[in-house]
Amino acid sequence: MPDTKLPCDVAEKVNAICQAHGDNPGELINILHEAQHVMGYLPEEMQRMIARRLSIPVSRVYGVVTFYAFFTMTAKGKYPISVCMGTACYVRGSEKLLEEFKRVLGIDVGETTPDGKFSLDCLRCVGACGLAPVVMIGDKVYGRLQPVDVKRILEELD
Amino acid sequence: MKVLTIEDLKAVRTAAAKKLFLREQSDKSTGVHSSGLDAGTSHMQVLICGGTGCKASLSHLICDKIKELLQDRGLSDKVDVITTGCFGFCEKGPVVKIIPDNTFYTQVTPDDAHDIVCEHIIGGRRVERLLYVDPKTGQSVSDSKHMDFYRKQKRVALRNCGFIDPENIEEYIARDGYFALATSILQRKPDDVIEEVRRSGLRGRGGGGFPTGVKWGFARKSVSDVKYVVCNADEGDPGAFMDRSIMEGDPHSIVEAMAICGYSIGSSKGLVYIRAEYPLAIHRLKTAIGQAREWGLLGDNILGSGFSFDIEIRYGAGAFVCGEETALIHSMEGKRGEPTMKPPFPAESGYLGKPTNVNNVETFANIPVILTRGADWFASIGTEKSKGTKVFALAGKINNVGLIEVPMGTTLREVIYEIGGGIKGGKKFKAVQTGGPSGGCLTEKHLDIPIDFDSLLAEGSMMGSGGMIVMDEDDCMVSVARFYLDFTVEESCGKCTPCRIGNKRLLETLDKITGGRGTEEDLKTLSVLGKVIKDTALCGLGQTSPNPVLSTLNNFYDEYLEHVRDHKCRARQCKALLTYSINPSLCIGCHLCAKNCPADAIIGDVRKPHIINPNNCIRCGMCMARCKFKAISVN
């Protein structure tokens, strides 16, 4: 991993989070949840720092970060788009929606547009199955979408 | 307020019961006429669904608006506005219910708040346009009791969802809440409590169906200074939201049940392992835990019994395998959620190596009511080997999407056609998938089997945690199997070879078939490999992961054969097997399709019929969606 420095205020916040959890390796997942809030993702240097603080190998931190879908190592876009791929949404056409987002944005799942505006992800069930297929952009839920709606929604946000 | 004795608890119940009296009365009564405040009704209540589904449709704004309108008119003290948990009828959400006349409004928007307040609450006239219309009779139905969706349901685990304010402990106590805990710790021996649970016949609702009382018995027998009670709230089955709705709608029932379990097995520490993707459920659960502590129903020396218990929350981070109890325990320890061999079972060596009892949310939700109403009452519901009720998240191509609870033994036909209102758009039923990625697809011929643990297993599916997805003639069963496999491959932890590599090979074979390159030999591979994975994988995830493939192979072999032999997908879902074409007699040459084609595959002069170049066509279907003259077809 390349050694890039974290900004001072970020490093301070991450240190404080670890301390609040008693620097306990058993709390690693809770620590990562909070640490991800600081910058919106978990850059390599942040993982290294957490490993040092908790006195565990960085491989263990990296192993946990890459194991769980909730943790990400890439910065999300200004408008993070998540297409629900739960079964209820799938049978009501969410795969076609996802294809359309990919096509219009020109990015794949897990990527962010070069201008940093949009990022694309899948999620499993937000529990709004009555509105299937569902897309979440930020905290807002868009329900009963068709591929033809995709362009309009992105233009509205832009 | 601190509850110190059982007498205190009774006093709280009596005081709070007044608030619930109106709701309970209108729930029982039939045919109450709506009469507003103007006609002399002294007190009314407005219940608004605050579940995730309805909130996504802005139910919180409806709530604010109604409160504001009431306040402007000086009616705030005559009308209570209460945010409840999920009513279940998500298809028609947001749902608003008016008490005492029990009027059930559907698909309400914030703009409707004015009419609800001025017309109904003040004037006593129902807002007809917001009533549910029975699609069979075309008549509007104002009371939910008379709707097909609710008529066959029996709410045990969901007894308080959509009825009480989940953030108000008094309303929970008014429904006999915390009495099961109080009587257990003050009047019964731990073994007696376990015996009652065992006699009720309750089986684990997370999917496995292991008898809960027996599980508690194992944990009780383990000798240790510290033991743990864990609530598995990591609902990972895509398309299922039973546990979330319970935690959002009735969080105190989970808190109470975990404390009862703690008393029974000799533990003073509870942990809830919950999905981080459930912010509302986390909030409600935290609120409930906080209230219970404040009221002395959690913490040291509860009700002077000498029994102490407290609950902490641990967050999951999105890994389906963590539904498996050993994987869940590792995840709580801050590690990768990989499962380990059993034995040792968590009841002997679990969290931090200590005896641990893991139960699912819905299982816990049944516990308080089993203890207050008795094992015999619970055992009188359901079938011989599957007692009680089961909550299902009914979704897919069905008219009434929602959360339902039915007695075990109800048939799939009753669920799909009566409660679910049949297939959307009058299409033909094709299959119903139960058990999520671990389950299988059942067909028309299985519709009359009773829903219970053993019948579903015998037919190659399983109960699972309660996802129930209905599919119609437009769904390709090979694609559906592929969809589930894709999920399992992504979620496989990678620890054991059969699951890590075997499922990958299964997925590749399915890709080949849906991509139009499959052979009949591939169908044999699917079947043989699927069985090997089932027999050899380490944990529940791997052992059940081939089920969607094997069950569709079993029940829809013709469709697989069509894909590999005729290169046809009858549901027109497998892109590689489709050809789009333009009917020259219907095409007027408006050029709209060509303009929208992302692959420049459509050629033709304006006002002359166009044609699609199959070599360029990426089969996105955009042309067909855009054509106003229905000139484009797909085969």
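Predicted model: local features only at pLDDT ≥ 70, side-chain atom pairs only at ≥ 80, totals over all residues.
What share of the contacts in chain B with a separation of 6 or more comes from residues 24 or more positions apart? The figure is 72%. In chain A, 62% of the contacts between residues at least 6 apart in sequence join residues at least 24 apart.

**Chain B as a whole**

- Chain B is built from 25 helices and 19 strands.
- A compact globule of 635 residues would have a radius of gyration near 26 Å, and the 27 Å of chain B agrees with that.
- Of the 635 residues in chain B, 56% count as buried.

**Chain A as a whole**

- Chain A holds seven helices and four strands.
- Read from the N terminus, the order of elements in chain A is α-α-α-α-β-α-α-β-β-β-α.
- The box filled by the C-alpha atoms of chain A is roughly 50 × 30 × 20 Å along the principal axes.
- Chain A has 158 residues, and 38% of them count as buried.

**Where the chains meet**

- Chain B brings 37 residues to the contact, and chain A brings 34 residues.
- On the chain B side, the elements giving two or more residues are helix 2 (52-56), strand 11 (389-396) and strand 15 (467-472).
- Sorted by class, that side of chain B, where it touches chain A, has 17 nonpolar, 13 polar and seven charged residues.

**A helix pair in chain A**

- Helix 1 (residues 8-20) and helix 3 (residues 44-54) of chain A have axes that come within 10 Å and cross at roughly 40°.
- Helix 1 and helix 3 of chain A are therefore oblique to each other, and their crossing is right-handed.
- From helix 1 of chain A, the residues in this contact are A:Ala11, A:Val14, A:Asn15 and A:Cys18; they meet A:Met46, A:Met49, A:Ile50, A:Arg53 and A:Leu54 of helix 3 of chain A.
- The residues of this contact between helix 1 and helix 3 of chain A split into seven nonpolar, one polar and one charged.

**Two helix pairs in chain B**

- Helix 3 (residues 59-72) and helix 4 (residues 113-122) of chain B pack at about 40°, with axes 9 Å apart.
- These two, helix 3 and helix 4 of chain B, are therefore oblique to each other, and they cross in a right-handed way.
- Helix 3 of chain B contributes B:Ile62, B:Lys65, B:Ile66, B:Leu69 and B:Leu70 to the contact, while helix 4 of chain B contributes B:Ala113, B:His114, B:Ile116 and B:Val117.
- The contact of helix 3 with helix 4 of chain B has seven nonpolar, one polar and one charged residues.
- Helix 10 (residues 242-249) and helix 14 (residues 361-373) of chain B pack at an angle of about 45°, and their axes are 9 Å apart.
- Helix 10 and helix 14 of chain B are therefore oblique to each other as well.
- In this pair, B:Met242, B:Asp243, B:Ile246 and B:Met247 of helix 10 of chain B make the contact with B:Val361, B:Glu362 and B:Ala365 of helix 14 of chain B.
- By class, the contact of helix 10 with helix 14 of chain B includes five nonpolar, no polar and two charged residues.

Notes
Residues numbered from 1 in each chain as written. Chains lettered and ligands numbered in written order. Contact = placed C-beta atoms within 7 Å. Nonpolar A, V, L, I, M, F, W, Y, C, P; charged D, E, K, R; others polar. Rg over C-alpha atoms; globule rule 2.2 N^0.38 Å. Buried ≥ 20, exposed ≤ 12 C-beta atoms within 10 Å, placed from the backbone. Axes fitted to C-alpha atoms, helices over the stretch in contact; angles between N-to-C directions. Parallel < 35°, antiparallel > 145°, perpendicular 65-115°, else oblique. Left-handed = near helix turned anticlockwise from the far one by under 90°.
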